[in-house]
Amino acid sequence: MTQRIITGVCLLAVLLAALWAGGVWFSVPYMVTICLSMYEMIRATAQAGHRPVQWPCWVCLVLSIPLFHFMGSISLLMPLVGGAFMLIAMMVIFREEPKLEDIMISALPLVSVLLPGLCMLGLQKAPGRNNQLILTILAFGVPLFGDTMAYFIGSRFGKRKLCPAVSPNKSIEGAVAGLAGSIIWAMATAGVASIFTPIPPFWHFPILGLLCGVAGQMGDLFASLIKRHCGIKDFSNIFPGHGGMMDRLDSVYWATVILYIYLNLAVNTFGA
């Protein structure tokens, strides 16, 4: 537990420094996290006996950076992802022993890491630096604070299993506490932000906390399903007590998609 807390504090310090600096000081390290997440997922599926086609995913990632920078929207990257998927399918189809699951496994990093990961950069296109900070703090804070609440409450009071076939240690009590924590974080973020800058209507935030909390928990269960399929406990061990990059960002990626959708639907509620 001590090791887990120390690592968590160090990661939080790095995140806060990157958020404070903003711009390239946030975007470049974050792209590194996407690269590490993709590498961990590809390695895990390869260790499980699959034969993932890797290079279309990496080409798609490399091309997506300048495309996103100049076009400013990840929606324009969808044809690029579609092209990468077709390349993957072609590569597998012309193998001596083509397997449909190898196509699906190879495409997994595209839809579960690359696109959700780029949604975080999409949040940096919100009007005004303050709004960018609010959305980014929500993207990280809502799922991670919810996960912390779920861990402590679930480990002490959890009795009924949430999804034993995927993650035997998660409980319904912990999941409910996690959602409560996610809503609290979102409302607290709004309360603090409103002191310094105009914010969207306050009632947006508890709803965002709930939706992002649910998405974060589903992202965590999705990652657990992948790890169970691959027969591993963690995606890697680069963070003592926390596992790998995917182990830390699985819930963040899913929550970020919700926030990016919200930004595009409610952009007019943000002041510059």
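**Figure 1. Charged side chains and overall build of the protein chain.** In this predicted model, the protein chain carries 16 positive and 11 negative side chains. The centres of these two sets are 8 Å apart. The chain contains nine helices and two strands, arranged along the sequence in the pattern α-α-α-α-α-α-β-β-α-α-α. Its radius of gyration is 19 Å, close to the 19 Å that the globule rule gives for 272 residues, so the protein chain is as compact as a globular protein of that length. The C-alpha trace spans about 65 × 50 × 30 Å along its principal axes. Of the 272 residues, 47% count as buried. Among contacts with a separation of 6 or more, 71% are made by residues 24 or more positions apart.

**Figure 2. Arg 95 in the loop between helix 4 and helix 5.** Arg 95 is found in the loop that lies between helix 4 (78-93) and helix 5 (100-123). Its relative accessibility is 17%, and because buried means under 20%, Arg 95 counts as buried. The side chain of Arg 95 is joined to the side chain of Asp 102 by a polar contact of 3.3 Å. When neighbours within four places in sequence are left aside, Arg 95 is in contact with Arg 51, Pro 52, Val 53 and Asp 102.

**Figure 3. Glu 96, an exposed residue of the loop between helix 4 and helix 5.** Glu 96 is also placed in the loop between helix 4 and helix 5. Its relative accessible area is 83%, and since exposed means over 50%, Glu 96 is exposed. Arg 95, by contrast, counts as buried. From C-alpha to C-alpha, Glu 96 and Val 257 are 38 Å apart in space, and 161 residues separate them in sequence.

**Figure 4. Ser 182 in helix 7.** Helix 7 covers residues 172-196 and includes Ser 182. With a relative accessibility of 2%, Ser 182 counts as buried. Its side chain reaches the backbone oxygen of Val 142 at 3.0 Å. Neighbours within four places in sequence aside, the residues in contact with Ser 182 are Val 142, Gly 146, Gly 209 and Gly 213.

**Figure 5. Ser 251 in helix 9.** Ser 251 belongs to helix 9, which comprises residues 245-265. This serine counts as buried, at 5% relative accessibility. Gly 216 is 35 residues away from Ser 251 along the chain, yet the C-alpha atoms of the two residues are separated by 3.9 Å. Apart from neighbours within four places in sequence, Ser 251 is in contact with Pro 143, Leu 144, Gly 216 and Asp 220.

**Figure 6. Phe 26 in helix 2.** Phe 26 is located in helix 2, residues 24-47. The residue is buried, with a relative accessible area of 5%. Once neighbours within four places in sequence are excluded, the contacts of Phe 26 are Ala 18, Leu 19, Met 120, Gln 124, Thr 136 and Phe 140. Leu 121 lies 95 residues from Phe 26 along the chain, and 9.2 Å separates the C-alpha atoms of these two residues.

Terms used:
Residues are numbered from 1 along each chain as its sequence is written. This is a predicted model: local features need pLDDT of at least 70, side-chain atom pairs count only at pLDDT 80 or more; totals for chains, interfaces and linings use all residues. Side-chain values use heavy atoms; hydrogens and water are left out. Helices (H or I, at least four residues) and strands (E, at least two) are DSSP runs, numbered from the N terminus. The radius of gyration is taken over C-alpha atoms; the globule rule is 2.2 Å times the number of residues to the power 0.38. Buried means under 20% relative accessible area, exposed over 50%, partly exposed in between (1.4 Å probe, protein chains only). Contact means heavy atoms within 4.5 Å. Lys and Arg count as positive and Asp and Glu as negative; His and the chain ends are not counted. The place of a charge is taken as NZ of Lys, CZ of Arg, CG of Asp or CD of Glu. A polar contact is a pair of N or O atoms within 3.5 Å; within protein, one must be able to donate a hydrogen and the other to accept it, and residues adjacent in sequence count only if both atoms are side-chain atoms.
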